Amino acid sequence: MAIADMAHLRLVGLRSKQKRIVDKLASRGLFEARATEVTAHDLGGGNADGLCDALKLKQSKLAFALDFLKARHATVAAAVDANERDVKKGRAEPLGITVSKEKYSNARTLITRADFSDARAREYELMDVCDSLQKISFELSEDKSRVQSLNNVIKTYAPFACVPIKLSALDRDGDVRIFLFHDKASTPVEQALDALPCAYDIVRGDGTAIIALCRAAASDELVKSMSALGYTRCTLNDDCTAEQKISALKAELDDVERHMFALNVKALAYEKFVNELRILYDVIGLEIECAVAERDFLQTDQTFILEGWLPESVAQSVTQEIQAEHPEVLLQLLAPEERDEPPTLVCNNKVVAPYEEITNMYSPPRYKEIDPNPIMAVFYFLFFGIMIGDAGYGLILAVAGLVIGNCKKFDGGLRRLALLVGMGGISSIIWGVLFGGYFSIDFGETNVALILNPLDKPLLLLVMSIAFGCVQIVTGFVIKFVALCKDGKPFSAIFDCGSIILLFAALVCLVVGMLPSLAPMLGITIDFVPPAALKTAAMALAIAGVALILVFGGRKSKNVFGKIVGGFKGLYGLVNILSDLLSYCRLFGLCLASCAIGLAFNSLGGIIMGIPVVGYVVGAVVLAVLHTFNLALGVLSAYVHDARLQFLEFYGKFYDGGGRLFSPLGQKTKYVRYN
């Protein structure tokens, strides 16, 4: 369980075999390309920009096709559902269309390498599907534009729909002229019209429409007066009424919408290609990835040079496979040099592997740095269970998490998270049994707790939480101590880490020596008498630790004043360690909160169950909902606060991070994952 050693692969081969070799490396999922070092020879870099652009264009077409089908599926499904409701109410006839139940989820589909190759072989056919869908989208765009245009025209005629005269009769030349005005605000106009030499009629509808008749000589005065009042003059001249025009426009609109629906249904005929399109999208993505990598290869007219990283454990087998298929290639496996920055590949067993996600959220380890995951996993496991503190909740988490985590139908990220929660559930079962927590049930006088009941002995739980904090912080300093010794810095290990370890040892001796006096306050019984020498040992260890900090805390300073100030600054730094130690009180707080909330919910459920007839049914439902809420809140809090303890209080003592995770060719997929 450590960070894998990496081998530097350098390969020289014929350009005619370049694609096959790169595809072979990508199919193994164990090769990460790196920029080829410049040599003394006049070699040029790979020129894959044109190929990348062509591949990205194909991928964009596939992305469009998938998004287009998803949108069409939603549109038709909504229309079918609405039609079914109308049919039940007797307001419509069945459409006679069935929509597939396929879900357009973001989860990656599990496939084999053979499926991957099949999609590559059917590329021409699938790209033709994309072109067909694009043509349908163009038709839909035209129809949408037509719908928008028709709706705008309908809005133009809508204000005059209540006027029962042909629009062609308006404003004709002659002795008597007819005008039509409209105002959405329905401004009062009767007095102004009465003062004008005209006859009028007011029609209320979408605002106010006014039909006015006047002699030709008075028409200009009428138009100016109505304009001043905010009324708009109708300039439409169709040989029909506005209502008739609107009816014709709506009929045309219905035809266009039916055509749009038919296009949507036509598009759904290509849904059978969705899986193949998704696979081809990732096939093209792999080709883009390889093309980008090939840009860093050095090339001549006939040959190429590639370089990259392979895990040392498989480097020989991979190179032997390539050599067997391509005997003409020249291969070198080199050890990383000091100036190299190899990627980090963490190798842990199935139990520790899910905890790598926690470390990666903080920062992946550097190559050759200590892998903190095996040690961190132990503490994360313990702390998660303490924060939940209930065996009933733990059983639910363990079953759900381990079932999902071991089901290959789910994506890797979800499975790792589920396993993390599932193992936290196991820890919760253990601590729940120790705390006597079973869905926060109050067992009265019966003591079911094996060590303590958090609600009965909260102070003991607080001390236990801080004790766990001491153990983890000391572990961090011990790891740092060992790392400094391995780096050839034993004095830094003693002065910077050894001094803190001595202070914690002094604290342990002091607490153990004071246990008899602390026992009544903690609610426990102590059957042994601590040696009197413990207090003396505590004093000696504390003096030694403080002396190391004072004398050597400022050793890196070049002047006496800086050395003195550095020593006192080192003592002041102990405040930060005390602050880190107090952070572990969150173990106590979250455990106590979970127990108290669950107990309150049980009391509420008991009151509801006391209601005659329906009490037990309603109470059971209420309890299920409330405990689900408490469980979800507890899991979220435990996940976040447990991670915080690892990041700040533990990793801050010894872990640098800043590494780059191993990213082999062929593993960056959006829609699929390999079996």
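This briefing describes selected features of the structure shown above. The structure is a predicted model. Its largest nonpolar core holds 75 residues, and another core, lying apart from it, holds 54 residues.

**Nonpolar cores**

- Within the largest nonpolar core of 75 residues, the members that touch the most other members are L62, F116, L133, L167, L180, L277 and L306.
- Helix α8, spanning residues 274-294, supplies the largest share of this core, with twelve residues.
- Apart from this core lies another one of 54 residues, and Y393, F468, F504 and A638 are among its members.
- Leaving out residues up to four places away in sequence, L306 touches L9, R10, L11, I21, V22, L25, F31, T36 and F297.
- As general background, nonpolar side chains in soluble globular proteins tend to be buried together.

**Helices α12 and α13**

- In general, two packed helices are described by the angle and the distance between their axes.
- Helix α12 covers residues 391-405 and helix α13 covers residues 412-435; their axes come within 7 Å and cross at roughly 155°.
- An angle over 145 degrees counts as roughly antiparallel, and α12 and α13 are therefore roughly antiparallel to each other.
- The crossing of α12 past α13 is left-handed.
- On the α12 side, the contact involves A391, G394, L395, L397, A398, G401, L402, I404 and G405.
- On the α13 side, these residues meet L414, R415, A418, L419, V421, G422, G425, I426, S428, I429, G432 and V433.
- Sorted by class, the contact of α12 with α13 comprises 13 nonpolar, seven polar and one charged residues.

**Helices α11 and α14**

- The axes of helix α11 (residues 373-388) and helix α14 (residues 458-486) come within 12 Å, crossing at roughly 170°.
- The two helices, α11 and α14, are therefore roughly antiparallel to each other.
- Helix α11 contributes I375, F379, L382, F383 and I386 to the contact, while helix α14 contributes F468, V471, Q472, T475 and I479.
- This contact of α11 with α14 has eight nonpolar and two polar residues, and no charged residues.

**Helices α4 and α8**

- Helix α4 (residues 123-157) and α8 have axes that come within 11 Å and cross at roughly 110°.
- Angles of 65 to 115 degrees count as roughly perpendicular, and α4 and α8 are therefore roughly perpendicular to each other.
- Helix α4 passes α8 in a left-handed crossing.
- The contact is formed by E123, L126, M127, V129 and C130 of α4 together with E276, L277, L280 and I284 of α8.
- By class, the residues of the contact of α4 with α8 are seven nonpolar, no polar and two charged.
- L277, which takes part in this contact, is also one of the residues that touch the most other members of the largest nonpolar core.

**Residues with a positive phi**

- Most residues other than glycine have a negative phi.
- K368 is not a glycine, yet has a positive phi of about 75°.
- K368 lies in the loop between α10 (356-362) and α11, and its relative accessibility of 58% means that K368 counts as exposed.
- S440, likewise a residue other than glycine, has a positive phi near 60°.
- S440 is placed in the loop between α13 and α14 and is buried, with a relative accessible area of 11%.

**Other individual residues**

- G444 lies in the loop between α13 and α14 and is exposed, with a relative accessible area of 53%.
- The C-alpha atoms of G444 and G610 are 19 Å apart in space, and the two residues are 166 residues apart in sequence.
- D183 belongs to strand β6 (residues 176-183) and counts as buried at 9% relative accessibility.
- Apart from its neighbours within four places in sequence, D183 is in contact with G207, T208, G230 and Y231.
- A542 is found in helix α17 (residues 533-552) and counts as partly exposed at 23% relative accessibility.
- A542 and L502 are 40 residues apart along the chain, and their C-alpha atoms are separated by 6.6 Å.
- Not counting residues up to four places away in sequence, A542 touches L503 and A506.

Terms used:
Residues are numbered from 1 along each chain as its sequence is written. This is a predicted model: local features need pLDDT of at least 70, side-chain atom pairs count only at pLDDT 80 or more; totals for chains, interfaces and linings use all residues. Side-chain values use heavy atoms; hydrogens and water are left out. A nonpolar core is a set of buried Ala, Val, Leu, Ile, Met, Phe, Trp, Tyr and Cys residues joined through side-chain atoms within 4.5 Å. Buried means under 20% relative accessible area, exposed over 50%, partly exposed in between (1.4 Å probe, protein chains only). Helices (H or I, at least four residues) and strands (E, at least two) are DSSP runs, numbered from the N terminus. Contact means heavy atoms within 4.5 Å. Axes are lines fitted to C-alpha atoms, for helices over the stretch in contact, and angles run from 0 to 180 degrees between N-to-C directions. Angles under 35 degrees count as roughly parallel, over 145 as roughly antiparallel, 65 to 115 as roughly perpendicular and the rest as oblique. A crossing is left-handed if the near helix is turned anticlockwise from the far one by less than a right angle, and right-handed if clockwise. Ala, Val, Leu, Ile, Met, Phe, Trp, Tyr, Cys and Pro count as nonpolar, Asp, Glu, Lys and Arg as charged, and the others, Gly among them, as polar.
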